[in-house]
Amino acid sequence: MADGRVASGFRINSMAMSDGDTGRLMWECRDWDNAGGADGVQQASIPQAILECRSLIEHLRLHQRVLLDDECIEDWHFDFGFVIPGSTNTWQTEILAAPPDEMLPAEILSGRLVIETLFMDGTTLINRSRVRITYTQ
């Protein structure tokens with residue numbers, strides 16, 4: 001079960017489903033009820049034609065590594081599964097820092113730290129993102 005701090009901050013703001021071939025919006029909800037109805041279940045009335053859309057991504061996975069001078073110091077894996085064609089998805093992580101006595105100082109990390117994220121469909125690489133981190137005062 002997720003830490004209460006994480007669960008209390010988790011929110012879906014909106015959802016939309018489009019046909020991946022045509023880009024036509026087929027369903028949208030701009031005000032998602034995160035609490036759900038009286039039974040805790042969100043209700044969505046979606047056109048059955050959405051079932052005829054092809055799936056472009058069967059098993060979305062993210063592999064994220066934190067590299068210090070090209071040496072991996074942290075490694076995370078995330079599995080999202082099926083992605084609806086043409087959908088827009090936002091992903092955000094919240095990272096809890098280690099105790100100060102276990103952390104490397106910003107002066108050592110700055111400019112030497114790279115966060116690499118691999119976006120995969122199963123075992124097929126879709127995209128690779130690398131971001132060099134520089135800390136400021």
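Guide: Of its 17 lining residues, E74, M103, L109, L113 and Y135 are the closest to its centre. Here a pocket is an open set of points on a 1 Å grid over the protein atoms alone, where a 1.4 Å probe fits, with protein on both sides within 12 Å along at least five of seven lines; lining residues have an atom within 4 Å of a point. This is a predicted model, in which local features need pLDDT of at least 70 and side-chain atom pairs count only at pLDDT 80 or more, while totals for chains, interfaces and linings use all residues. Residues are numbered from 1 along each chain as its sequence is written, and side-chain values use heavy atoms, without hydrogens and water.

The lining divides into 15 nonpolar, no polar and 2 charged residues (Ala, Val, Leu, Ile, Met, Phe, Trp, Tyr, Cys and Pro count as nonpolar, Asp, Glu, Lys and Arg as charged, the others, Gly among them, as polar). At least two residues each come from β4 (71-83), α2 (106-109) and β5 (113-121); helices (H or I, at least four residues) and strands (E, at least two) are DSSP runs numbered from the N terminus. β4 gives the largest share, 3 residues.

Now follow β5: strand β3 (residues 57-68) runs antiparallel to β5, joined by 9 bridges, and strands pair if DSSP finds at least two bridges between them. Within this pairing, L60 has D121 of β5 as its bridge partner. β5 also pairs with strand β6 (residues 124-133), antiparallel over 9 bridges, with F119 opposite N127 in β6. The β5 and β6 hairpin has 2 residues between the strands, and G122 takes a positive phi near 65° there.
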